[in-house]
Amino acid sequence: MEISSKENTQLFSNTILLVDRSSFKSESSASKEKQSCCGGIKVFLGALSFVYFAKALSGSYLKSTITQIERRFDIPSSLVGVIDGSFEIGNLLIIILVSYFGAKLHRPRIIGAGCLIMSAGTFLIAMPQFFMGRYEYERFPSIINSTVSISPCLKDKSQTLLSALEKPQAKINAGCEKGGSSMWIYVLLGNLLRGIGETPIQPLGITYIDDYTIEENAALYIGCVQTVAIIGPIFGFLLGSLCAKLYVDIGFVDLDSVTITHKDVQWVGAWWLGYLIAGVISVLAGIPFWFLPKHLPKPEGRKDSSTSSEQSEFITEDNKDHQKSYQQNVKIAEMEGNFLPSLKNLFGNPVYILYLCASIIQFNSLIGMVTYKPKYIEQQYGRTSSQTNFVIGLINIPAVAFGIFSGGLIMKKFRINVLGAAKLSLGSSFFGYLLLLSLFAMGCENSDVAGLTVSYHGAKQMTDYEQALYSECNSGCACSKNDWDPICGENGVTYISACLAGCHASNGSGEHTVFFNCTCVGTLESPSQSSSAVVGLCQKGNECPKMFLYFLVISVITSYTLSVGGTPGYILLLRCIKPHLKSFALGIYTLAIRVLAGIPAPVYFGMAIDTACLKWGSKRCGGRGACKLYDSSALRYVYLGLTLVLGTVSIFFSVAVLWVLRKKSSPQDETLSTNRERGTRGTKSRKTNFVNSDHLIQTTYWPEKETRL
């Protein structure tokens with residue numbers, strides 16, 4: 001057979017040479033075409049990888065600035081959740097139009113236009129910094145000059161300091177307009193615009209690679225793109241950590257006049273600076289696409305086929321003769337006629353419906369958890385925004401990446417079927433949420449804050465906290481309950497302000513200010529003796545640093561465990577539906593996740609977290625501002641409890657999926673499947689199927705996974 005094949009090949013070559021010498025030119029042109037194709041697709045691959053990096057960086061940077069935005073604009077967590085969900089809304093506005101019409105137009109240029117829109121949205125998010133007034137934090141000016149010391153306890157309302165601090169109503173109103181209490185709308189619109197610009201990147205970029213690449217190389221190329229996308233969030237959170245250390249008005253004010261540090265509870269970092277950097281990166285990422293061609297030469301192995309083996313029949317039928325313009329109307333009519341039957345067929349599949357419900361609920365859990373994870377670490381363990389972002393970027397994100405890789409590797413190495421994928425996905429979720437349950441025991445107790453968590457006499461807190469802020473020890477002072485300039489007494493108790501602590505003298509300036517003769521500080525042990533206090537919150541208990549270390553370990557293991565089930569779950573989704581409905585099913589799946597999880601989860605998680613607030617700030621223009629202090633225990637139960645309840649419900653749906661699959665797969669089908677695998681083992685066809693299976697595993701990576709966990 002081998003000799004005969006060689007002879008036939010030689011005879012065929014000689015015949016061609018005798019028939020027409022121009023075949024040399026044809027082969028030469030084919031070789032050049034192949035080189036041109038390889039070169040063009042690699043340029044596109046590099047450009048698309050950079051775009052994936054840019055969009056992942058800006059998305060993760062937004063997560064890292066949640067608490068900074070909340071403080072800067074003085075808004076509650078529920079409103080921050082609306083801002084975060086606006087990205088999904090923008091994406092949904094045009095995803096159908098882009099997915100359908102984009103494939104018929106110049107795809108690289110549409111991606112380039114999307115990058116410009118994405119960068120414009122990113123720049124718009126940072127714009128309020130240039131229109132708002134300078135950030136004003138509450139800090140008692142302990143020293144007017146080198147010789148005069150001011151008493152924090154304002155016994156006389158006509159005292160010089162008080163009259164100096166009280167501004168005329170007209171000036172306050174002017175400050176409100178300049179400060180822009182509603183400037184957060186620009187952040188929301190910018191994030192909405194960023195979602196619109198990001199829309200064409202994934203559907204048009206991945207399909208462009210798949211159309212002009214050899215099937216065997218498609219998985220490798222798409223895997224490279226997704227790997228770079230995982231690196232983006234690492235740099236995004238690290239950038240957030242760096243910017244959180246810089247003062248918000250850096251470049252606008254004299255930093256020597258700033259009397260707080262990045263460890264202060266009122267500190268707001270240069271949140272806007274990272275958006276400018278991310279916007280510039282997005283502009284640079286979009287430039288190469290304006291110079292790429294609309295079409296590339298088809299690879300040699302795919303010139304006779306317009307679709308790959310993994311492409312659905314539904315898309316194949318619609319695009320088989322897409323170059324023949326006279327058939328367009330017929331194709332559109334066929335698609336419209338097949339829409340409702342396809343939808344009915346899809347929703348009549350119990351495995352698909354159950355898995356869709358499980359995914360929606362699980363993503364509600366994961367999106368809410370990830371969105372407010374920086375806030376939880378800051379409030380629960382007393383960490384700064386810079387430390388929190390550094391930890392998430394350097395520890396949690398790599399764990400997620402390794403988990404995704406491990407899930408694909410397990411599927412590939414053990415050649416797991418649909419039933420096995422369902423088991424692996426279920427096991428990953430079960431053990432992940434089981435580990436998350438242990439975090440209830442790894443929290444810190446509430447800090448002792450006089451009038452909020454403890455009384456001024458040391459008793460645990462009682463009824464109405466606003467009325468409890470006043471006590472006999474500070475009754476002679478004219479204090480405001482709306483102030484938030486905490487100080488730490490030498491008795492280990494935090495006081496909301498030096499005035500409410502009954503301090504009568506102070507020394508030093510800025511973070512080095514020391515308050516003396518604080519009548520309330522001395523009441524816990526000896527009411528007759530006054531004590532001193534320093535600026536800032538008191539440190540949490542001695543066990544808190546240890547608990548934070550335990551939290552990090554469990555959090556990393558949990559992130560890895562939950563990520564392992566991502567790829568098997570997606571494989572299950574693709575294999576439980578008919579081939580000609582794959583594309584349609586994935587579109588419905590993506591739409592449902594965005595509408596029912598990506599948009600609402602940050603909002604109701606934020607509303608639930610707001611219920612744990614102990615001390616609300618007040619805006620200069622009136623109304624409730626951002627939360628200043630949370631009840632640590634209530635925050636832990638709300639944040640982790642809501643995550644676990646949603647995760648548990650999703651597990652029940654996953655169990656139902658496994659039950660339906662077991663019921664549908666008969667022992668005879670399993671035996672035939674096993675015999676087929678054994679029969680093809682070691683043959684070339686098995687290798688080909690294995691390549692296709694590997695391609696399926698590689699290309700089913702969820703593009704938002706790195707920012708969610």
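Predicted model: local features only at pLDDT ≥ 70, side-chain atom pairs only at ≥ 80, totals over all residues.
Reader: Why are K55 and E198 called a salt bridge?

Author: A salt bridge is a side-chain nitrogen of Lys or Arg within 4 Å of a carboxyl oxygen of Asp or Glu. The closest N and O atoms of K55 and E198 are 3.2 Å apart, so the pair meets that rule. By this rule the count comes to seven salt bridges.

Reader: How do you know whether K55 and E198 are buried or exposed?

Author: Buried means under 20% relative accessible area, exposed means over 50%, and partly exposed is in between, computed with a 1.4 Å probe on protein chains only. K55 has a relative accessibility of 7% and therefore counts as buried, and E198, with a relative accessible area of 5%, is buried as well.

Reader: What makes D249 and R134 a salt bridge, and where do these residues lie?

Author: The closest N and O atoms of D249 and R134 are 3.4 Å apart, which is within the 4 Å limit, so the pair qualifies as a salt bridge. D249 lies in the loop between α11 (215–245) and α12 (271–286), and R134 in the loop between α6 (128–131) and α7 (160–165), so the pair ties together parts that are 115 residues apart in sequence. D249, at 1% relative accessibility, counts as buried, whereas R134, at 32%, counts as partly exposed.

Reader: Why are K546 and E543 called partly exposed?

Author: K546 has a relative accessibility of 42%, which falls between the two cut-offs, so it counts as partly exposed. E543, with a relative accessible area of 46%, is partly exposed for that reason too. Their side chains meet in a salt bridge at 3.8 Å, N to O.

Reader: How do you know that C444 and C544 form a disulfide?

Author: A disulfide is a pair of cysteine sulfur atoms within 2.5 Å, and the S to S distance of C444 and C544 is 1.9 Å, so the pair is counted as one. With 100° about the S-S bond, this link is right-handed. C444 lies in the loop between α18 (418–437) and α19 (465–468) and C544 in helix α20 (residues 544–564), 100 residues apart, and C444 and C544 are buried. A search of the whole structure finds six disulfides.

Reader: Why is the disulfide of C473 and C520 called right-handed?

Author: The torsion about the S-S bond of C473 and C520 is about 95°, so the disulfide is right-handed. C473 lies in the loop between α19 and β1 (487–489) and C520 in the loop between β4 (514–518) and β5 (531–535), so the pair ties together parts that are 47 residues apart in sequence. The sulfur atoms of C473 and C520 are 1.9 Å apart, and both residues are buried.

Reader: What makes β6 and β7 paired strands?

Author: Two strands pair if DSSP finds at least two bridges between them; four bridges join β6 to strand β7 (residues 624–630), so the antiparallel strands meet the rule. In β7, the bridge partner of C613 is Y630. The two strands form a hairpin with five residues between them, and G622 in the turn has a positive phi of about 95°. A disulfide also joins C613 to C627, with S to S at 2.0 Å, and this pair links strand β6 to strand β7, 14 residues apart.

Reader: Why is strand β6 described as largely enclosed?

Author: Five of the six residues of strand β6 (residues 613–618) are buried, so the strand is largely enclosed by the rest of the structure.

Technical notes
Residues numbered from 1 in each chain as written. Heavy atoms only, no water.
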